[in-house]
Amino acid sequence: MAALSSSPSFRHLLLLRPRLLLSPTCLAGSFSRRHIHGRRRLFSSASSSTLTHGEASSTHGDADGVVEVNPPRGTRDFTPEDMRLRTWLFDQFREVSRIMAFEEVDFPVLESEALFIRKAGEEITQQLYNFEDKGGRRVVLRPEITPSLARLVIKQGKSVSLPLKWFTIGQCWRYERMTRGRRREHYQWNMDIFGVPKVRAEAELLHAIVLLFQRLGITSSDVGIRVSSRKVLQAVLNMYFIPEHLFTEVCVIVDKLGKITREEIEKELISTGLSSEAVQGIINVLSLKSLSKLEEVLGSGVEAVADLKKLFSFAEQYGYADWICFDASVVRGLAYYTGIVFEAFDREGKLRAICGGGRYDRLLSTFGSEDIPACGFGFGDAVIVELLKEKGLLPDLSRQIDDIVFPLDEELEGPASSIASSLRKKGRSVDLVEDKRLKWVFKHAERINASRLILVGNSEWERGMVRVKILSTREEFEVKAGELE
């Protein structure tokens with residue numbers, strides 16, 4: 001043991017892990033990377049920190065208290081670099097919402113399970129992170145935001161005046177198969193309007209989406225927005241005298257168009273009791289990409305056609321007509337949609353839907369309240385970041401600090417603290433550095449893109465001065481400590 005404890009490698013290990021205990025097995029062998037790092041794991045403070053050869057990968061740890069350091073599958077850590085990107089994106093969401101005169105709201109991530117359990121066969125109800133809490137209540141990590149928003153609207157009741165224009169940025173959880181741009185948790189920007197029954201509300205929401213794309217540098221040649229209406233499908237079902245109660249079930253099935261084969265869609269529709277003629281009629285109409293062709297099939301007096309023509313007219317007036325296109329296959333998978341529906345897509349077809357939404361005039365009654373006309377959209381953080389990477393549009397978000405304050409002697413740490421405090425009160429970001437060599441400080445300044453280096457030295461401080469170095473120009477000068485800005 002004496003030979004081991006005196007070796008440089010052993011002393012170095014103790015310095016890095018001062019409370020690290022070594023097992024006899026580890027002491028008997030070499031200090032390999034596998035012994036030290038143990039498959040990228042941490043050590044629980046509540047149990048033994050003894051290193052072992054264990055290679056188990058349980059995320060719950062093992063008998064020795066070894067904990068997996070990777071986050072649960074489908075979730076993310078956010079490093080400082082990741083947080084800068086997330087903050088930047090959220091700032092874009094908030095700025096567009098401000099421009100559109102929306103107010104921000106928020107809700108708990110943990111909600112009552114009943115808020116999200118519906119009987120329409122929606123895929124989302126099979127993807128819930130749901131459980132019973134310690135009080136015996138069934139709760140869920142919200143998979144989407146609209147029901148939480150509806151709950152708050154009901155709770156507020158007549159204390160708020162319509163229309164409501166609210167937005168939120170919140171985390172959502174779904175246990176689903178992961179693909180590019182799809183995780184089991186994501187953040188989502190929602191904008192919703194309550195109390196506007198006309199298509200003007202949808203036109204405003206589409207304007208917000210286009211504004212966001214434009215702010216990010218994305219053009220209409222990169223992205224399009226498919227638009228249709230649930231009323232299109234309703235009109236087709238009426239043509240074939242299909243019962244009203246089958247409407248939401250059919251919507252959920254036809255939302256799979258493009259995701260599974262046409263034969264599988266037909267089989268699922270027939271299993272609901274629809275005739276082969278009705279199934280063919282539904283699929284044929286939902287294959288239409290022209291609003292004029294839809295009008296030929298359904299007639300100009302159908303509400304769906306009138307709504308869509310009005311929306312496309314608004315798009316011309318707003319100036320985003322080149323962003324949107326009619327696509328009858330868009331129905332959206334959530335059962336509560338009742339009218340116009342839309343989703344944004346990348347024109348190269350490499351990614352899943354970027355965002356989507358629509359009108360849901362009858363959602364509140366499903367929670368036992370009086371209905372209010374409403375529409376909104378959800379815009380996730382994952383797919384848009386993938387698109388920005390694809391297009392080379394991610395901004396340079398390097399760390400940036402205004403000042404580094406560095407005392408050259410230990411006895412000057414007090415004055416350095418005073419200078420840092422004064423500058424921070426003036427709103428400057430200041431990194432106070434001590435116990436480092438000057439060479440390290442200069443390298444650190446480059447790493448964090450500091451604008452100035454403020455050196456507190458004995459000779460200058462005796463005269464009430466500090467030395468300032470402008471790092472971009474290498475200009476160097478003295479200034480009175482009290483006059484630093």
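Author: Two rings of Phe, Tyr or Trp, the last taken by its six-membered ring, count as a pair if their centres lie within 6.5 Å. Planes under 30 degrees apart make the pair stacked. The model discussed here is predicted.

Reader: Is the pair of Phe93 and Trp189 stacked or edge-to-face?

Author: The ring centres of Phe93 and Trp189 are 4.8 Å apart, and the planes stand at 10°. The cut-off for stacking is under 30 degrees. The pair of Phe93 and Trp189 is therefore stacked.

Reader: How many residues apart are Phe93 and Trp189?

Author: Phe93 belongs to helix H5 (residues 80–99), while Trp189 belongs to strand E8 (residues 185–194). Both residues are buried. The pair links distant parts of the chain, and the separation of Phe93 and Trp189 in residues is 96.

Reader: Which residues form one aromatic cluster with Phe93 and Trp189?

Author: Phe93 and Trp189 are themselves a stacked pair. The one aromatic cluster that holds Phe93 and Trp189 also takes in Phe78, Phe90, Tyr187, Phe213, Trp323, Phe377 and Phe379.

Reader: Is Ser97 buried or exposed?

Author: Ser97 lies in helix H5. Leaving out residues up to four places away in sequence, Ser97 touches Phe102, Phe167, Trp189 and Met191. The relative accessibility of Ser97 is 0%, so Ser97 counts as buried.

Reader: At what angle do the axes of H5 and H7 cross?

Author: On the H5 side, Gln92, Phe93, Glu95, Val96 and Ile99 meet Ala208, Leu211, Leu212 and Arg215 in H7. The crossing is right-handed. The axes come within 10 Å, and their crossing angle is roughly 135°. That angle makes H5, relative to H7, oblique.

Reader: Is Glu204 buried or exposed?

Author: Glu204 is placed in helix H7 (residues 200–215). Apart from neighbours within four places in sequence, Glu204 is in contact with Met100, Lys165, Ile193 and Tyr318. The limit for burial is under 20% relative accessible area. Glu204 has 19% relative accessibility, so Glu204 counts as buried.

Reader: Where do the axes of H10 and H11 cross in angle, and which residues make the contact?

Author: The axes of helix H10 (residues 262–271) and helix H11 (residues 276–286) come within 10 Å and cross at roughly 130°. That makes H10 oblique to H11. H10 passes H11 in a right-handed crossing. The contact residues are Arg262, Ile265, Glu266, Leu269 and Ile270 of H10 with Ser276, Val279, Gln280, Ile283 and Asn284 of H11.

Reader: How far apart are the axes of H8 and H9?

Author: In helix H8 (residues 230–239) and helix H9 (residues 247–254), which pack at about 120°, the crossing is right-handed. Arg230, Leu233, Gln234 and Leu237 of H8 make the contact with Phe247, Val250, Cys251 and Val254 of H9. The axes of H8 and H9 are apart by 11 Å.

Reader: Which ring has the charged end of Arg226 over it?

Author: The distance from the charged end of Arg226 to the ring centre is 3.8 Å. The cut-off on that distance is within 6 Å. The ring under the charged end of Arg226 is that of Phe345.

Reader: At what distance from the ring centre of Trp440 does Lys436 lie?

Author: Lys436 lies over the face of Trp440. The distance to the ring centre is 4.6 Å.

Reader: Is Ala101 buried or exposed?

Author: Ala101 is in the loop between H5 and strand E3 (103–104). Although Ala101 is not a glycine, its phi is positive, at about 65°. At 52% relative accessibility, Ala101 counts as exposed.

Reader: What is the phi of Arg474?

Author: Arg474 lies in the loop between strand E17 (465–470) and strand E18 (475–480). With a relative accessible area of 48%, Arg474 is partly exposed. Arg474 is not a glycine, yet its phi is positive, at about 65°.

Reader: Which form does the peptide bond from Leu162 to Pro163 take, cis or trans?

Author: Pro163 is in the loop between helix H6 (146–156) and strand E7 (164–173). Omega for the bond from Leu162 is near 0°, and the peptide bond is cis.

Definitions and conventions: Residues numbered from 1 in each chain as written. Predicted model: local features only at pLDDT ≥ 70, side-chain atom pairs only at ≥ 80, totals over all residues. Heavy atoms only, no water. Phe/Tyr/Trp six-rings, centres within 6.5 Å; stacked < 30°, edge-to-face > 60°. Helix = DSSP H or I, 4+ residues; strand = E, 2+ residues; numbered from the N terminus. Buried < 20%, exposed > 50% of the residue type's maximum accessible area, 1.4 Å probe, protein only. Lys NZ or Arg CZ within 6 Å of the ring centre and 35° of its normal. Axes fitted to C-alpha atoms, helices over the stretch in contact; angles between N-to-C directions. Parallel < 35°, antiparallel > 145°, perpendicular 65-115°, else oblique. Left-handed = near helix turned anticlockwise from the far one by under 90°. Contact = heavy atoms within 4.5 Å.
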